[in-house]
Amino acid sequence: MSNHDNKSAEAPGIAGGKSPSAPLIETINLYKSYFNEDLETPVLFDINLKIESGEFVAIMGPSGSGKSTLMHILGFLDVTTKGHYHFKGESTEEKVQDDLARIRAENISFVFQSFNLLPRTTVYDNVLLPLLYGTTPVHERRKRTLKAIESVGLADRTMFFSNQLSGGQQQRVAIARALVTEPEVIFADEPTGNLDSASGKHVMEILQNLNKEGHTIILVTHERTTAEHANRIIHIQDGRILTDEKGHTKRIASQVKQLK
Amino acid sequence: MLTRDLVRTAMNGLTRNISRSVLTTLGIMIGVGSVVLMISMGASFQKYILDQVSSFSGGIFEIHAKGLQEFGKETQSISTDDLDALSRLSTVESVAPVIFVAGKVRYGTEEITPSIFGSTKEIFSNFSLTVEHGRALTDGDIKGGQDVAVLGSKSAEDLFPSEDPLGKRITIGTRKFTVVGTLKSFGSPLMGSMDSLIYVPISVAKAMTGKVRYVDYISLQAKGDLSLAEADIKSLLRQRHRIDNPEDDPKKDDFIARSFAQATGVISTVTLSITIFLGLIAGISLVVGGIGIMNIMLVSVTERTKEIGLRKAVGAKRRDILIQFLIEAVSLTLLGGLIGIAGGGVFGFILARLAAKFLGSFPFSLTPGSILLSIGMAVGTGLVFGIYPALRAAKLHPIEALRAD
Ligand SMILES: Nc1ncnc2c1ncn2[C@@H]1O[C@H](COP(=O)(O)OP(=O)(O)OP(=O)(O)O)[C@@H](O)[C@H]1O
Ligand SMILES: [Mg+2]
């Protein structure tokens with residue numbers, strides 16, 4: 001899977017220093033293994049990470065390095081094997097599945113590489129979907145759904161079926177679906193991976209605007225140009241954090257490229 | 001998740017593949033349809049039998065000696081004195097005593113072995129007999145000990161296939177009788193045995209059998225309330241037979257007294273169990289339909305694994321997924337059930353019409369109760385066979401589900 005040098009990677013010092021209030025996301029010595037019939041596949045090792053509210057983080061790294069796995073754990077779609085994950089200062093290890101579902105419904109959202117829209121369903125109903133599982137009052141649903149669709153520039157496609165849209169449009173629907181609940185964090189796993197450069201750029205602009213509006217964005221990407229939109233880049237290799245740097249993302253992104 | 005949203009979501013799931021949803025419900029339609037048909041036919045059959053019996057039995061009571069049923073033997077239980085006492089009861093309208101006569105009946109080369117009742121003219125009203133030709137027995141026949149006979153329609157046909165029976169001389173045992181009347185048929189297969197009875201004066205029957213002091217059977221017509229008459233009759237007979245039986249235990253009596261209302265109770269029980277039995281057999285097809293539902297729901301869960309993963313990713317709880325798929329299953333069975341009820345009802349109605357052609361009359365019965373029961377069974381089938389696929393869906397891991405292709 002990965003054909004890079006096997007450097008001994010240190011857990012890096014966490015950027016941003018100490019803050020009096022708890023960070024939005026904090027992992028302490030987080031490990032993740034997959035188990036298939038007693039066969040253990042360790043994927044993440046000793047991940048220590050702090051992400052503050054309002055950051056725009058890009059996670060980069062070679063294929064198979066564990067980027068998606070980390071993102072799924074941070075997004076409550078999966079659980080750790082060892083170590084701790086605090087969300088908004090709260091420990092998450094003893095939360096039951098329904099608690100995790102509630103966090104997914106109210107605090108976070110996902111944008112996937114393959115857009116994952118409901119087939120044979122309108123744009124409107126696709127975007128509305130997360131509201132059905134949350135606590136948004138029924139009378140506000142319509143307004144918020146239309147607003148989300150409009151903010152990704154698809155107002156004129158509201159009643160189109162998902163299969164009547166281009167890939168870029170479908171991903172914008174997925175973003176509208178992600179922001180309709182006004183989540184604190186939006187996770188995007190290679191959101192531009194299936195798009196041409198123009199559509200990809202459009203999607204990234206939308207994400208950047210969302211970040212400016214205060215949403216925390218955590219993005220996985222292979223592409224340097226995509227990572228440049230972020231203001232912090234975490235580089236993962238073989239399940240460990242290799243580098244974690246803030247600011248000057250253009251420079252960092254090109255360094256990451258060289259590491260490869 | 002709100003119930004309204006759950007229902008809407010489930011409906012969307014179903015309408016995204018309408019043709020399959022409809023095909024799936026076919027099994028349930030047939031299953032529920034046959035349950036409805038069987039229940040309806042069973043109830044119609046019961047109603048038919050009860051109609052037949054009650055046309056014959058309003059307010060009628062019968063008493064016979066215990067252990068009797070053998071023709072030609074005198075049972076010493078109900079005496080002619082009992083008879084007189086019974087006829088004086090204020091709750092009794094009329095009394096028709098019967099002595100059973102055994103013997104072959106011959107006319108020319110024809111020979112039959114019917115039941116022969118030696119009785120009085122009251123038997124004709126108690127049994128709701130109608131004279132077709134000639135006349136019934138009269139008081140004069142009884143007093144005079146006339147050797148006359150009235151033939152049930154079946155006996156008349158058997159003995160006189162091509163002749164008019166009136167005035168003809170038939171032989172019962174060794175004695176010659178003149179046919180003075182024939183009776184109308186009851187017109188129902190159920191009452192067929194009544195049509196072959198032959199009636200002779202009780203005085204002649206006494207002379208033929210030597211049963212002088214006792215009778216075999218009494219048919220009484222109650223005056224007013226049936227249960228009052230029953231109590232009167234029983235206490236009178238117990239008093240006269242010196243039987244101490246205040247607890248009304250039929251085992252202690254030396255006679256059996258029962259109303260036709262009780263007999264119809266027995267009939268109801270029998271036809272009800274037939275109905276339940278038929279319903280259960282039809283229920284098997286419902287189970288087959290249910291397995292079809294389970295099958296399709298499992299296919300649907302597999303096909304929509306990605307959708308389930310997505311729903312979980314945007315916040316669906318296990319319960320939300322479980323209920324969504326349960327509602328889908330129940331909607332399928334409910335839809336199939338409603339169509340099945342309509343179909344089974346229509347088919348049952350047609351069958352009842354056909355049966356009426358052969359039986360003279362045959363009621364059609366489809367009660368709200370049986371419709372509710374069928375709806376309940378349809379919903380139950382959806383729940384029972386939907387729960388496993390729904391649980392499978394609810395238990396899916398969000399990431400693994402999203403990775404599915
Ligand atoms: N269910 C699983 N069982 C076993 N191993 C798994 C499972 N899911 C992922 N892995 C392994 O975990 C490692 C990390 O996978 P992950 O999907 O996180 O990589 P990634 O960094 O997102 O890669 P890519 O850039 O290709 O998406 C891979 O080696 C993969 O084989
Ligand atoms: Mg990945």
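**Reading the interface and the ligand site**

Q: How many salt bridges does the rule find across the interface of chain B and chain A?
A: The rule finds 2 salt bridges across the interface of chain B and chain A. The model is predicted, and the values that follow are to be read accordingly.

Q: What is the count of residue pairs in polar contact between chain B and chain A?
A: Between these two chains, 6 residue pairs are in polar contact, with both residues at pLDDT 80 or more.

Q: Which elements give two or more residues to the side of chain B that touches chain A?
A: They are four helices of chain B: helix 1 (3–15), helix 10 (305–313), helix 11 (318–359) and helix 13 (398–403). Helix 10 of chain B gives the most, with 6 residues. Sorted by class, this side of chain B has 12 charged, 9 nonpolar and 4 polar residues.

Q: What area is buried between chain B and chain A, and what part of it do carbon and sulfur atoms give?
A: About 2400 Å² is buried between the two chains, and carbon and sulfur atoms give 56% of that area. On the chain B side, B:Arg16, B:Leu310 and B:Val314 supply 25% of what chain B buries against chain A, more than any other three residues. As for contacts, 25 residues of chain B touch 25 residues of chain A.

Q: Where does ligand 1 lie, and which residues around it come nearest?
A: Ligand 1 lies between chains A and B. It has 15 residues around it, of which A:Ser63, A:Gly64, A:Lys67, A:Ser68 and A:Thr69 come nearest.

Q: Which residue has a side-chain N or O atom 2.7 Å from an oxygen atom of ligand 1?
A: That residue is A:Ser68. A polar backbone atom of A:Ser65 is 3.2 Å from an oxygen atom of ligand 1. A:Asn36 places a polar side-chain atom 3.3 Å from a nitrogen atom of the ligand.

Q: What are the ipTM and pTM of the model, and where in chain A does pLDDT stay under 50?
A: The model scores ipTM 0.87 and pTM 0.72. Chain A has a mean pLDDT of 87, with 87% of its residues at 70 or more. For chain B the mean is 87, and 95% of its residues reach 70 or more. Over residues 1–19 of chain A, pLDDT stays under 50; the model has 25 contacts beyond four places in sequence for these residues.

Note on methods: Residues numbered from 1 in each chain as written. Chains lettered and ligands numbered in written order. Heavy atoms only, no water. Contact = heavy atoms within 4.5 Å. Buried area = accessible area lost by both parts, 1.4 Å probe. Salt bridge = Lys/Arg side-chain N within 4 Å of Asp/Glu carboxyl O. Polar contact = N/O pair within 3.5 Å; in protein donor to acceptor, adjacent residues only side chain to side chain. Nonpolar A, V, L, I, M, F, W, Y, C, P; charged D, E, K, R; others polar. pLDDT = per-residue confidence, 0-100. Near = heavy atom within 4 Å.
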